[in-house]
Amino acid sequence: MSTIQALRGTKDILPTDIGYWQHLEATAQQILGQAAFREIRTPMFEQTDLFARGIGEATDVVGKEMYTFSDRGDRSITLRPEGTAGAVRSFIENKLYGTGGIQRLWYSGPMFRYERPQAGRQRQFHQIGAEVFGSADPRADVEAIAVAVNLLSALGLKSLKLALNSVGDREDRQRYREKLVAYLTPYKDELDPDSKDRLTRNPLRILDTKVERTQEICVDAPSIVDALSPDSAERFERVQQGLAALGIDYTLDNRLVRGLDYYTHTAFEIQSDDLGAQATVCGGGRYDGLVSELGGPETSAVGWAMGMERLILLLQEIQPLSEPSVDFYVVSRGNQAEIQALSVAQILRQAGYSVEVDLSGSAFGKQFKRGDRAGAKACAILGDAEADNNTVQIKWLKSGEQTEISQSNLLETAKSFDGNKFKS
Ligand code: ATP
Ligand code: MG
């Protein structure tokens, strides 16, 4: 019989790697918590409409990448391809705006996109994201970017570049769209097929092309920044002043447009030189129109999402995981001793230690070897004599020092074990 394998573009996260994930999640919780963001967990699937309306029909995500299916009740359901639409739906449905003022949220979890799998690109992947609802102030953009930068530096990631642009408001973009289409139309036949298609559907996205000839054509395209209204330009200036005040380096990139339709004003990406083609670890921006588009009250918003797989690829390069180890390894021989070994382990855990019980039933020598390999600081030993006397031998592996302790005193005694003995 053939064995069943994980689906293409999905990956198991094995115990050997889980330490990176836990470190990443714990750091995110700490850094975002410090900046007054609160975690939200929304469902992994939603009505297809939410994404169609919230992300935009003309985007790659909605047009080509969604996992959409009918459930048994004939509803069109989609596995979430990103986190913002669900966060916005929840914000509206739970009237989180009702608490007044500003709502800062963050999330992490799996996302699903039907893409061609490669390093740093999967069909089930994970994002950490943050959203600030309720402020149109450019300082909210600066704070959102700053917390992303803080997270990346708390993770020890270096040689990251922040690219910044403004895509203006709807009117700015409409104006710019016309200028861009006028510029590109004479080159129509030289554009790659995707870009040609976008010329009518989503021309701004052409600027984001990875096709070389199209890129060359775009070099002399009009810049969106030149099409900004005085208000939008002033806003963009304030964002830059804020970043400069925080000492956050950035480069302006007037071809940075991001994939999703709902972006207004600030758009940004954080890229790494160490990831090959999948260079973007974080993408975000302002999306003032989305909450009202999805039926909520007019609400300004700014946010970002980071690809966790890409962050972990970078983490793996800078810090090898330390092998997990236990404090105590319990070895035992003989019927009675083997049963008592279980309760000795429980007592040691109760005293706050990590404990692994050898279940092999093999000779003491082999059990000791396994204890060594488990990185144990000490072995708890039970043979027939210990079982008869209700005692246990504690042997500290580094010094070889050994003491016999009565099982009934073990909890009290273990609580006061010398901390130095646990330092390797
Ligand atoms: P890309 O241009 O790489 O496809 P995107 O613009 O589609 O990225 P966003 O929707 O902005 O990406 O998502 C934010 C981040 O999530 C990306 O910068 C990336 O780090 C990560 N990401 C997006 N798609 C995937 C995927 N299929 N596999 C792994 N990570 C992903
Ligand atoms: Mg993509």
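Which residues line the largest cavity? Here are my notes, starting with that one.

1. **The cavity.** Thr42, Pro43, Glu46, Phe51, Arg80, Glu82, Gly83 and Gly86 line the largest cavity. On a 1 Å grid over the protein atoms alone, a cavity is a set of points where a 1.4 Å probe fits but cannot get out, and lining residues have an atom within 4 Å of a point. The volume of the largest cavity is about 30 Å³, counted as the space filled by probe spheres set on the points, with grid points joined across faces, edges and corners.

2. **What the lining is made of.** Sorted by class, the lining has two nonpolar, three polar and three charged residues. Here Ala, Val, Leu, Ile, Met, Phe, Trp, Tyr, Cys and Pro are nonpolar, Asp, Glu, Lys and Arg are charged, and the others, Gly among them, are polar.

3. **Ground rules.** This is a predicted model, where local features need pLDDT of at least 70 and side-chain atom pairs count only at pLDDT 80 or more, while totals for chains, interfaces and linings use all residues. Residues are numbered from 1 along each chain as its sequence is written, chains are lettered from A and ligands numbered from 1 in the order in which they are written, and side-chain values use heavy atoms, leaving out hydrogens and water.

4. **Ring pairs.** You'll find 14 aromatic pairs in the structure. Rings of Phe, Tyr and Trp (its six-membered ring) pair if their centres lie within 6.5 Å; planes under 30 degrees apart are stacked, over 60 edge-to-face, and the rest tilted. Phe328 and Phe422 make an edge-to-face pair, 5.8 Å centre to centre with 75 degrees between the planes. Both Phe328 and Phe422 are buried (under 20% relative accessible area; exposed is over 50%, partly exposed in between, using a 1.4 Å probe and protein chains only).

5. **A tilted pair.** Tyr353 and Phe417 have ring centres 6.2 Å apart and planes at 50 degrees, so this pair is tilted. Tyr353 counts as buried at 14% relative accessibility, and Phe417 is buried with a relative accessible area of 14%. Step back and you'll see ring pairs joining Phe328, Tyr353, Trp396, Phe417 and Phe422 into a cluster.

6. **Charges over rings.** Arg123 sits over the face of Tyr114, 4.0 Å from the ring centre. Lys395 does likewise over Phe368, at 5.9 Å from the ring centre. The rule wants NZ of Lys or CZ of Arg within 6 Å of the ring centre and within 35 degrees of the ring normal.

Definitions and conventions:
On a 1 Å grid over the protein atoms alone, a cavity is a set of points where a 1.4 Å probe fits but cannot get out, and a pocket is an open set with protein on both sides within 12 Å along at least five of seven lines; lining residues have an atom within 4 Å of a point.
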